[in-house]
Structure formats: structure tokens, C-alpha cells
Amino acid sequence: MTKTDTRLQVMWDRLLAVVEEQGQALIRAAFSPIVRECGDISAGIFDVEGRMLAQAVTGTPGHINTMAEAVKTLRARFPLEEMTSGDIYMTNDPWIASGHLNDFLLMMPVFFQGRLVGFTACTSHLADLGGLGMGPEGSDIYDEGLLIPPCKLVDEGEVNALLVEIVKANSREPIGNEGDIYALIACCEAGADRLVRMMDEFGIRDLNALSEHIVETSRRGTIDAISALPKGTWRNVLKVDGYDAEIELHAALTIEDDHILLDFEGSAECLSKGVNVPLNYAAAYSVFALRCIIGPDTPNNAGSLEPFRVTAPKGCILNAQSPSPVAMRHALGQMTPDLVYGCLSQVAPELVPAEGASCMYDLPMRHVAEAVERGDPQFALELVFNGGTGARPQLDGLSATAFPSGVWGSQIETTEAVAPVMFDRRELRPDSGGAGRTRGGLGQRIEMRAVDDQDVMVFLSVERIRNPAKGRLGGLAGAPGRIRVTGRDHDVPGKGELRVKAGERLIFETPGGGGFGDPKERDPERLAQDIEAGLVTPQAAKRDYGSQS
Amino acid sequence: MAIDIGGTFTDTVLMDGAAQILATTKTPTTPEQPTIGALEGARRVLRDAGAAWSNVVGLIHGTTLATNALIERRGAEVAAITPQGFRDILEIGYERRYSQYAINLAKPDLIVPRTRSFTIGGRIDAQGREREPLAEDDVKALSASLADAGVEAVAICLLHAYANPAHELRLRDLLSAEAPDLVVSLSHEVSPEAREFDRLCTTIANAYVQPLMAGYLADFEQRFAGEGLQRPILMMTAGGGMTTIETASRLPIRLVESGPAGGAILAARIAQEAGERQVLSFDMGGTTAKLSLIEDFRPQTARKFEISRAERFIKGSGMPVRIPVIEMIEIGAGGGSIASVDRLGRVRVGPHSAGSEPGPVAFGKGGDQPTVTDADIALGFIVPDRFAEGRLEIDVDAAMAALLESVGDRIGLDAVHAGFAVSEIVDENMASAGRMHAVESGKDIGERLMIAFGGNGPLHATRVARRAGVRRILIPRDPGVGSAVGFLFAPVSFEIVQSRYATLEDLDIGAINRFLAETCSAAEAIVRMGAPSSPLRQRRVGFMRYHGQGHEIETELPARDLRVSDIDGLRDAFEREYARQFRRVVPGMRIEILNWGVSVSSAEPELNARSNADRAGFATASETRRILCDVTGRRRDADLFDRAGLRAGDRVAGPALIVEPQTTTLVSADFEARIDDAGSIWLSRVEEETA
């Protein structure tokens with residue numbers, strides 16, 4: 001390292017700070033609930049070739065990789081020589097941006113001293129794009145709402161008002177959508193402004209040397225981590241709930257000297273409902289999971305992502321092709337970490353956690369249609385709850401904690417303040433964490449109802465009702481999720497619409513994580529603590545751990 | 001007199017009625033009985049100033065005792081009581097991992113384990129209506145369970161208690177009747193804001209330190225009275241105001257982080273004297289650097305901060321505490337921060353610190369990892385025989401050797417350039433943190449005046465400023481005891497933020513006015529105890545947002561009853577601030593108000609106007625020193641000055657070092673220094689660098 005390298009490192013640190021600044025600004029200005037509660041956004045800086053140099057670490061990993069590829073695609077659609085300062089391009093094509101119509105990607109060319117030097121980009125989740133709305137019921141992408149192909153949203157600083165009107169006219173949340181588009185524009189502009197100021201301060205005319213330094217250092221660091229692993233191919237099959245019948249996800253993980261190949265060949269075909277996953281999104285979550293264990297200290301950029309390659313046959317459920325419906329692609333997308341950990345665990349058993357609840361248990365809720373004419377309160381809630389994470393090789397799983405997504409859970413008081421609902425319970429579910437040498441995290445039990453004499457609509461899209469999180473190396477499975485309504489004979493399925501009638505109570509139980517290692521090897525003192533704290537009942541301790549007490 | 005008890009040192013300052021500092025001293029903190037060290041400092045400044053206790057008209061005290069009790073886990077055995085069905089508010093929290101890629105992260109320890117989490121029947125709804133009566137018959141059994149668990153203090157947090165505290169109050173009365181010695185903290189008194197997890201955490205933290213702090217404060221008061229103090233003692237709070245011993249004993253959580261607040265108060269005071277409306281306060285010590293923004297002479301405040309983080313400098317890894325605080329960002333960048341090289345060959349500095357023990361390698365007290373101070377020594381910025389008035393021997397060779405071994409050899413640099421790299425990284429970290437903090441507040445950093453203090457602030461100010469785009473810096477007098485000096489400028493004040501949902505378009509003005517008046521008189525009663533006759537000032541704010549957003553913007557309300565005619569003005573004020581932060585307003589949106597804040601404070605001491613001396617001329621140095629220039633990275637000579645020898649109006653061209661007992665000011669080659677009438681050093685960036 002020379003003095004020049006120190007300067008390059010300082011500039012790299014600066015770029016990382018700039019994308020975080022961009023990301024924060026976007027979250028704070030957002031209207032879409034999933035963005036402000038969960039940070040479902042992305043912000044990045046790219047060199048003139050479209051290579052990603054830095055990306056904000058935000059709430060959800062669903063944008064990792066997708067953004068790196070999306071900017072390359074978008075950049076290639078428009079001639080560079082026609083771009084001018086103040087232009088911004090946009091699309092929400094699920095196969096370019098981030099897997100479903102709600103995610104809008106904006107890209108802005110950055111000019112310094114009259115020359116194109118790079119791009120800033122950001123992605124954010126807009127609340128509603130028309131169609132059948134948030135839910136898996138659409139039978140193709142056209143049912144799911146408005147698709148905007150790559151286009152120029154801002155022309156030399158002038159917003160294309162017609163485009164904004166089209167997005168508003170096709171939405172149940174026009175004002176929120178407009179606000180979110182403005183937030184995205186501000187985010188791109190702020191990033192570009194700071195990039196230019198940095199170049200000015202450091203006296204550089206282009207990003208070439210910096211770009212080489214970042215990409216090469218990161219690529220080398222990632223390959224070093226990969227080369228420390230044994231070589232070969234490992235396979236895993238994960239059974240998931242699917243829509244109305246269980247399906248299989250397949251993965252083959254091949255570790256070579258300088259790259260990792262992940263192939264989803266063998267996975268089920270696409271379904272007729274909107275739970276299909278475009279490959280960019282499946283890759284985002286699976287590469288995120290791999291990077292948590294292989295070189296997590298290297299920031300996300302073109303260099304650290306390049307050694308991870310993901311493939312799948314066209315038309316399989318993890319490589320859905322247009323016009324397959326994809327609105328709820330997150331339910332299965334968030335299961336891919338468990339799929340790839342099943343492979344990686346065979347390579348590095350002491351580094352990989354057991355399966356977890358994984359799919360977030362979101363609970364979107366709305367007033368019923370008649371409420372409008374009756375004059376009853378209208379509301380829309382997007383509550384998010386989580387189950388337990390898988391037991392870690394050395395540590396218990398985390399109870400009621402999001403993984404792989406990074407969402408935040410909801411608070412009871414703020415929820416009850418804005419919607420006519422009331423909670424009767426929100427507590428951990430004893431015995432829901434899979435037994436093992438280390439225990440899986442516990443799920444939670446939520447009970448709620450409408451406060452007034454009013455029905456409410458619930459839109460479900462969750463996993464692990466029929467296929468609980470499996471344990472690893474002798475650890476037992478966690479408890480499955482379960483959804484019930486008091487007074488009804490049958491449990492409610494994990495996907496679809498549900499009308500909770502006045503006076504009924506919804507019981508929503510999130511899954512527990514799997515255990516790790518033989519339960520008999522559990523430290524007796526920690527088992528005793530779990531029993532005392534009420535996390536494990538004495539009966540379960542006897543049954544699952546062989547406890548004598 | 002002001003006494004600031006920190007982790008390592010106790011700073012004491014004596015000031016006269018004209019805000020002139022008469023004496024300052026630093027004495028070692030006596031952790032077992034902090035009052036002993038405080039008495040020592042008090043005696044010393046009285047002796048140095050030739051004053052007696054009868055001359056002392058007020059004593060202001062700030063202490064890290066509450067903070068340390070939380071960090072070192074020396075508080076009471078606390079239990080939590082929440083409504084039936086909600087035993088796990090604490091365990092569940094926000095269901096979030098604070099670090100995206102860390103598979104093996106541990107959640108923070110939130111003080112109360114599940115075995116001491118109890119519940120009671122009864123339910124209030126979001127509008128404050130009772131949906132289910134309090135299960136009074138169960139209180140006897142609950143009290144017995146508390147006794148069985150050896151509980152000393154209890155945190156009661158019932159849902160929506162901010163909207164209707166009846167159940168919390170009744171439960172306290174019933175429990176106290178059963179167990180008179182039990183210390184009880186009620187969530188609606190500690191933090192009357194919606195969000196049960198945050199409110200419970202705040203209430204637990206309060207209950208945890210309450211027995212300890214109440215005992216300490218009673219003892220402190222008694223000993224100082226015994227020493228001869230005839231006036232009441234006021235306690236410094238995290239919000240930057242003072243409060244009485246009585247209030248502090250009841251709500252000790254408000255004392256947490258009061259030391260750093262003193263620094264921000266000082267910076268605000270100097271900003272006002274200098275007429276500077278946009279200021280960045282930069283306080284760099286041995287372990288951390290703290291940055292805060294000062295707008296219109298008021299430190300920016302926040303309603304939430306974190307304690308006992310699982311990872312000290314990772315946001316979200318700690319226990320949230322919702323009280324009014326001076327907002328600052330604290331990062332692991334101090335003189336003792338350790339430098340290393342990571343797997344990818346990147347130089348890293350902090351967050352680990354060698355602290356004062358073992359300290360930097362150059363101090364020869366057992367430290368073997370190079371620190372920021374070692375880098376500053378290698379670069380020539382610290383004059384060994386003048387450091388800490390020559391009381392500490394500096395081993396330059398040991399610092400160089402450690403820099404070479406831990407940093408230089410690994411990336412192919414000599415010791416001095418390794419020191420340069422360490423400096424570049426740590427200064428960039430601080431500048432980035434400052435910029436990031438400004439962005440999160442919707443502010444810009446570039447046009448601000450930086451006010452730098454703390455043991456390392458004056459030494460790193462120009463380097464951080466250059467990276468942050470800041471062009472002007474002020475180094476006050478006595479920068480090493482800045483926090484304690486700040487205490488003397490704080491008003492007696494109390495702030496209450498309370499949740500009450502409303503929308504601007506159908507605001508029930510009568511009800512809101514009654515609500516604000518009640519909140520106001522509660523705050524006023526507390527302030528009156530510490531400021532019986534001073535005129536009082538009021539500030540009212542609403543925390544507003546567009547319906548559907550998650551982030552609120554603080555909007556100032558008139559300091560009187562609201563009128564229907566105010567509503568348009570409030571909308572305008574909100575949208576002005578919104579447009580400033582996010583470039584454009586969103587048309588046609590409803591505006592909602594979630595929380596209301598009222599702060600009442602006494603008048604502040606008179607200002608000293610600052611004027612600049614007419615005479616101006618470059619001072620001549622009698623000595624020079626070889627340094628590595630931080631602008632060019634090349635070796636050159638820097639002029640060396642004693643701060644005490646510089647006069648008002650003197651100018652100093654960079655590069656230069658201005659040395660004083662507690663610190664050194666580095667005037668970089670691209671800066672020029674000037675001394676004003678008050679003895680402050682003004683540093684300005686020179687347009688064309690002549691180096």
C-alpha cells in the first residue's frame with residue numbers, strides 16, 4: 001500500500017458513507033409503509049461502465065445483486081452520448097429492477113467537468129400499482145398492475161409530468177406513489193451531488209483508478225475466502241408449502257478455486273399464482289446468505305459479487321419468466337437461504353445455522369369493501385411479524401427475529417392508534433424453538449380482533465405452515481406456523497385472502513427455528529434456565545432433551 | 001461552581017457573575033465514593049481563586065455515575081410489569097438484527113430477564129378508554145412473586161398509559177401498600193410516549209439506577225452542605241438543562257450522558273456570543289469523538305438514544321431510552337483508538353480503544369498497539385516535553401516501532417507514513433460521521449463554524465474540517481474542561497414530550513390547549529423548584545408528518561394557547577421545513593401530529609459580546625518543529641507557540657502548533673489562526689494553499 005492507496009481507501013470509505021446518506025434520506029422521505037418500517041430500499045454508486053462501487057446496507061437484502069445487474073441493463077438500453085446532466089431513467093420491470101412491480105429503480109448519470117463519470121441509482125417499494133393489489137391472486141403479470149418499461153423520467157432536471165400522472169392514475173395510493181417517486185429523485189440527485197463534490201475535493205477527474213481499486217480489492221478478498229473452502233458440488237432439496245400444494249426447491253452448490261456456482265435445476269415449475277420468483281430476486285437472497293458466511297467483511301460491489309454466479313432453468317419457480325405472476329415473490333425468495341445453507345452445511349457444518357422461520361410473517365390488513373358505503377373507518381395496515389431464527393452452531397437461535405430479511409416488527413400501541421384493531425396477546429410460544437445442543441429461536445403468538453362491530457380483510461402469504469424449519473446435525477425441527485380464527489373448525493391456509501368477522505379473534509402463530517446438534521448434548525444449566533424462563537416446558541424438556549428433572 | 005465527574009477525571013470550574021472563569025482543575029475521579037474527588041476539586045478551585053463557600057451562589061453538578069451504573073451493571077434487581085398477554089414486549093422488541101451480515105450476533109442485555117417479567121390483567125385502549133378493569137385481586141399474589149424474586153425496584157409499563165395513566169397509578173398504590181420499600185417507576189411519568197418497547201426500556205433503565213442515584217445524591221448534598229455550601233445544588237440533565245436533586249432522584253435516567261451535554265451547551269453559548277447561527281460542535285477525547293449540530297444557538301435535541309449497546313458504535317444494538325437529550329453522534333475515534341490493518345489490507349482505526357489504561361504505546365504504561373495519539377506523535381504534532389505540562393514522558397521511538405509493526409510493515413509504509421494513513425482514516429471517519437449525522441437531520445455541514453474542544457479536538461479540528469468541507473473553526477479557552485464550563489451556562493429547565501394523536505385539519509383546539517396547559521404546568525412546577533423567581537421561557541413543539549409517513553418533523557408552535565388562525569401557519573411551517581429537508585412538498589396530503597413537546601426554562605446568564613481587537617499582525621515564533629504536513633504529506637517546519645503567550649489580534653500562519661497545558665491546536669498549512677478578545681483561537685481555511 002502506498003500513499004495513493006491510502007487516498008483510494010479514504011475515497012472508498014467516503015463512497016460507502018455517501019450511499020448510506022442516500023439510503024437514509026430515501027427512508028425518511030418514504031410514504032410506503034414497508035419502506036419506512038422495514039427499509040425496503042437500495043441506493044448505490046456505479047462507475048461509467050455500470051459496475052457497482054458501493055451499495056447502502058439497508059433493511060432487506062432483496063436488492064443485493066439485483067441493483068448491480070439492473071443498472072447494467074438500464075445503462076445498456078440508452079446511448080451514453082445522449083445522456084445529459086440532470087437526466088434520470090426509471091423502470092419497475094420485475095425482471096430488470098427487483099422482482100415485482102412495486103419496486104421502482106431510478107438511475108442518474110453523473111457528470112463532472114462536462115464528462116460522464118458514473119451513475120447513482122436507487123430502488124424503493126411503492127405501495128400500490130393497481131391490478132389486483134398486494135397478494136398472490138393474479139394469474140399473470142398483467143393482473144398485478146402497471147409495468148413501466150425503461151424510460152426517461154427526468155429530462156435535464158424537468159420531471160416528465162405525464163409519467164407521474166400515469167403512475168398515479170393506476171394506483172389506489174396515488175399521493176403516496178407520487179411522494180415516493182419524488183423521494184427517489186431526491187435520492188439520486190443527492191448521491192450525484194455528493195459524488196461530484198468528492199471528486200472535486202480529492203482532485204480526481206474520473207473514477208477509473210478508484211473503481212479498479214474497489215473492484216479488485218473486493219474480488220480478491222472474496223476469492224480468498226472462497227479458496228479456503230473445500231472444492232466440489234453439494235446438493236440440497238427444500239420442501240416448501242407452495243400455494244395450494246407443496247413443492248420442491250433444488251440447489252446444487254459448486255465451489256471452485258475462484259468462484260461459486262449455484263444452480264436451481266430441478267426446482268418445481270412456476271405456479272399459476274403470484275408466488276413465482278424472478279431469478280434476480282432468488283439470486284439476491286441466496287447470495288446474501290452465502291456472503292453472511294463467506295467473506296461478510298467485504299462490502300457489496302461488483303468485485304465482491306462477481307465470484308457468485310447463480311443459474312436456473314427458464315420457467316422454474318426460481319427463474320420465473322414474463323408473464324408469470326410474481327407479486328409475492330418474497331415468500332419463496334426468502335426461503336432460498338435455507339435452501340443454499342443445506343448445501344453449504346455439508347461443506348462447513350460448524351459455520352452454518354439450522355433452518356429458521358425465514359419467510360417473514362407479514363399481515364397486511366384492510367377494511368372490507370362495504371365499510372366505504374357504510375361510513376365505517378377505512379384503514380390499511382401492513383404489519384410484519386417474524387418467527388425464530390435457526391440455532392447457530394455455537395449460539396441459540398434468536399426468538400421472534402427477522403432473518404434473512406432485515407425488517408422491523410410493528411408496535412402494538414402505534415398500530416392500535418391508527419386502525420380499529422385490538423391485540424389480546426403477543427407472546428413467545430413456549431416449546432416452539434427446535435431442540436438441540438443449541439436451541440432454535442422461538443416463534444410468537446399474536447391474537448387480535450376488530451374493536452368495533454366490523455369485519456376486516458387479511459391477505460396472507462406465509463410459508464412454513466406445512467413444512468417447519470428442520471434442525472441440523474441431530475437438532476429437532478422448530479414448531480410450524482399456524483393461523484386460526486376462533487370458533488372455526490379448520491386452520492386457515494398460509495396463502496390467500498381471509499375475512500375475519502366481527503367478534504372473531506385471529507390467532508397468528510409464527511414458526512420457531514430448527515435446533516442444532518443432539519439435544520442430549522445441551523448444557524443442563526442452559527436447559528434449566530430455559531425451563532425457568534418458561535421458554536421450554538418441563539414436559540418438552542423430558543420428551544425432546546431427555547431431561548430427568 | 002460546576003463539577004463534572006467523568007470516568008477518569010473530575011473537572012471543576014469556578015466562574016464569577018460576569019461569566020469570567022476564575023479557576024479550573026482536573027482531579028482524579030474516585031470511583032468508590034465520587035463525592036470525595038468532587039470535594040477535592042471544589043476545595044482546590046476555591047483556594048486557587050481565593051474564594052470561600054459563602055461566595056458560592058450556586059453549584060451545578062453533572063455525573064457519569066448513572067451512565068456507568070448502566071454500563072457496569074451495578075443497578076438494582078428490577079422486575080417489569082406489563083399487561084396480561086404481553087409478557088414479552090422486551091424479548092420481542094422490534095424483531096430486528098442490528099447488523100445485516102452478522103450470523104452470530106447477540107442481542108443487547110435489556111436488564112430484566114424473562115424470569116422477572118410479570119403481567120397483570122386490565123386494558124386501556126389507544127383512546128385512553130378502559131376496556132378491561134385492572135385485576136386488583138391479583139396484586140397480592142403479584143407482590144408475593146416480586147418478593148420471591150428478590151426484586152428491589154419495579155418498572156410498570158401498561159399499554160397506552162400515556163393516554164390514561166389510571167391503571168399504572170392504581171397499581172403503584174396497591175403494590176406500595178403491600179411492599180412499602182419497593183421502588184416503583186411508572187412508564188407514563190418516565191416517558192409518556194407511544195411505542196411500548198421503547199417506553200418499557202426507558203422505565204426499566206430508570207428503575208435500575210433509581211435506588212443507587214437517590215442514595216448518591218442525598219449523600220452528595222449532605223457532604224457539600226457539611227463543607228459549607230449554603231445554596232441548593234442543581235443537576236445537569238442529558239437535555240442540556242438543570243434540575244433539582246428531588247427531580248433527579250425521581251427520574252435519574254435524565255442524568256445519563258449529561259457530561260457531553262455540557263460541551264454542547266458551551267458550544268451553543270459561544271455560538272451566541274459570536275453571532276454564529278450554524279455551528280458544528282466537535283468534542284474529541286481519549287476514547288470517542290462526539291459531534292452535534294447547533295442551530296440558532298440551540299443544540300439540536302432528540303427524543304431517543306441508546307444505552308448498553310451490544311456493539312458500542314452500531315446503531316440499533318442497544319437499549320432505547322426515550323427522554324429529551326441533546327442529539328449527538330458518538331464514534332469510536334479518540335486519542336486512544338487503536339489502529340490495525342484488516343484482511344483486505346485496509347487500514348482500520350477503532351472502535352477499540354486503549355483508553356487511559358494501558359493507553360497509547362508512547363505513554364509507556366503497557367500499551368502495545370498503536371493509537372491515534374501515537375500517530376500524532378509520529379507526525380510531529382505533539383511536542384513530547386510539553387505534553388501534559390511535561391508530567392508524562394513520551395516515548396517517540398516506541399510509538400514509531402508499533403506503527404511500523406502493526407500498520408506500516410503490513411502495507412509497505414514507513415512508520416511516519418503509517419501514522420499519516422492512520423490519521424487520514426480516523427479523520428475521514430469523523431468527517432463522515434458528521435456529514436451522516438447532518439444528513440439524518442436534514443442539514444448540511446459545509447457552511448458551519450466548527451467549535452472544537454476536548455483533549456484531542458483542537459489537534460484534529462483542521463484535519464476533520466477539511467474533509468467535511470468546513471472552512472472555519474473556533475477553539476475556546478480551556479478546551480480541556482469544556483463540559484464543566486458549559487454547565488455554568490445551562491438554564492434550569494424541564495421538557496415533557498407526550499403522545500396524543502391529532503390531524504391538523506380537524507384539530508380540537510380546545511382539547512389540545514387544555515392538554516398543553518396541563519403539560520406546561522407540570523413542567524413549570526418542576527422548574528420552579530430550582531428557579532423560584534427567575535422569569536420563565538416556554539417552548540412548544542409538535543412532531544408532525546404527512547399521513548402515511550414514518551418520520552416526524554419537529555415544528556415549533558406558538559408559546560401560548562393555539563387559535564384556529566394558527567393552523568395555516570403551522571401547515572406552512574411544517575412544509576417549509578419539509579421542503580428544506582426533501583426538496584419539495586407533497587401536495588394535498590393530510591398532516592398529522594403524533595407527539596407534543598413542552599419545555600420550560602429559566603432565563604440564561606447574560607452574554608458577553610465578542611469584539612475583535614483592532615490590532616492585527618503575525619506573531620513570530622521563537623521555535624519551530626519538524627512535522628509531516630497533513631496537506632501535502634511532505635516534511636516541513638511548523639512554528640511553535642505557547643497559547644498563553646499569544647495576544648488578542650495575533651495571527652498565526654499555518655503550519656503551526658499552539659501548545660497549552662491540556663491540549664495542542666494544530667494550525668494546518670491550509671489554515672490561518674487569529675486570536676480574538678476573549679482569547680479564543682479562530683482558524684480559517686486559506687483559499688489558495690501556498691505550501
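**Figure 1. Chain B is divided into three parts: domain 1, domain 2 and domain 3.** This is a predicted model. Domain 1 of chain B is made of two stretches, 1-24 and 36-53. Domain 2 of chain B covers 58-256. Domain 3 of chain B covers 493-602.

**Figure 2. Domain 1 of chain B touches domain 2 of chain B.** The C-alpha centres of these domains lie 33 Å apart. Domain 1 of chain B brings 9 residues to the contact, and domain 2 of chain B brings 13 residues. On the side of domain 1 of chain B, strand β1 (residues 2-5) of chain B provides the largest share, 4 residues. By class, that side of domain 1 of chain B holds 6 nonpolar, 2 polar and 1 charged residues.

**Figure 3. Chain A contains both helices and strands.** There are 14 helices and 19 strands in chain A. The radius of gyration of chain A is 24 Å, close to the 24 Å that the globule rule gives for 549 residues, so chain A is as compact as a globular protein of that length. Along the principal axes, the C-alpha atoms of chain A fill a box of roughly 75 × 65 × 40 Å. Of the 549 residues in chain A, 61% are buried. Among contacts in chain A with a separation of 6 or more, 74% link residues 24 or more positions apart.

**Figure 4. Chain A meets chain B.** Here 65 residues of chain A are in contact with 57 residues of chain B. Several elements of chain A give two or more residues to this side, including the helices α1 (3-29), α2 (33-38), α5 (174-202) and α6 (208-227). Also among them are α7 (279-293), α12 (412-418) and α13 (524-533) of chain A. Strand β14 (421-428) of chain A takes part too. The most comes from α1(A), with 13 residues. By class, the side of chain A that touches chain B has 27 nonpolar, 19 polar and 19 charged residues.

**Figure 5. Strands β1(A) and β2(A) form a hairpin.** Strand β1 spans residues 41-47 of chain A, and strand β2 spans residues 52-55 of chain A. The two strands run antiparallel and are joined by 3 bridges. A:G44 has its bridge partner in β2(A), namely A:Q55. Between the strands lie 4 residues. In the turn, A:G50 has a positive phi of about 90 degrees.

Conventions:
Residues are numbered from 1 along each chain as its sequence is written. Chains are lettered from A and ligands numbered from 1 in the order in which they are written. This is a predicted model: local features need pLDDT of at least 70, side-chain atom pairs count only at pLDDT 80 or more; totals for chains, interfaces and linings use all residues. The radius of gyration is taken over C-alpha atoms; the globule rule is 2.2 Å times the number of residues to the power 0.38. A residue is buried if 20 or more other C-beta atoms lie within 10 Å of its own, exposed if 12 or fewer, and partly exposed in between; C-beta atoms are placed from the backbone. Two residues are in contact if their C-beta atoms, placed from the backbone, lie within 7 Å. Ala, Val, Leu, Ile, Met, Phe, Trp, Tyr, Cys and Pro count as nonpolar, Asp, Glu, Lys and Arg as charged, and the others, Gly among them, as polar. Domain bounds come from an automatic or database domain assignment. Two strands pair if DSSP finds at least two bridges between them.
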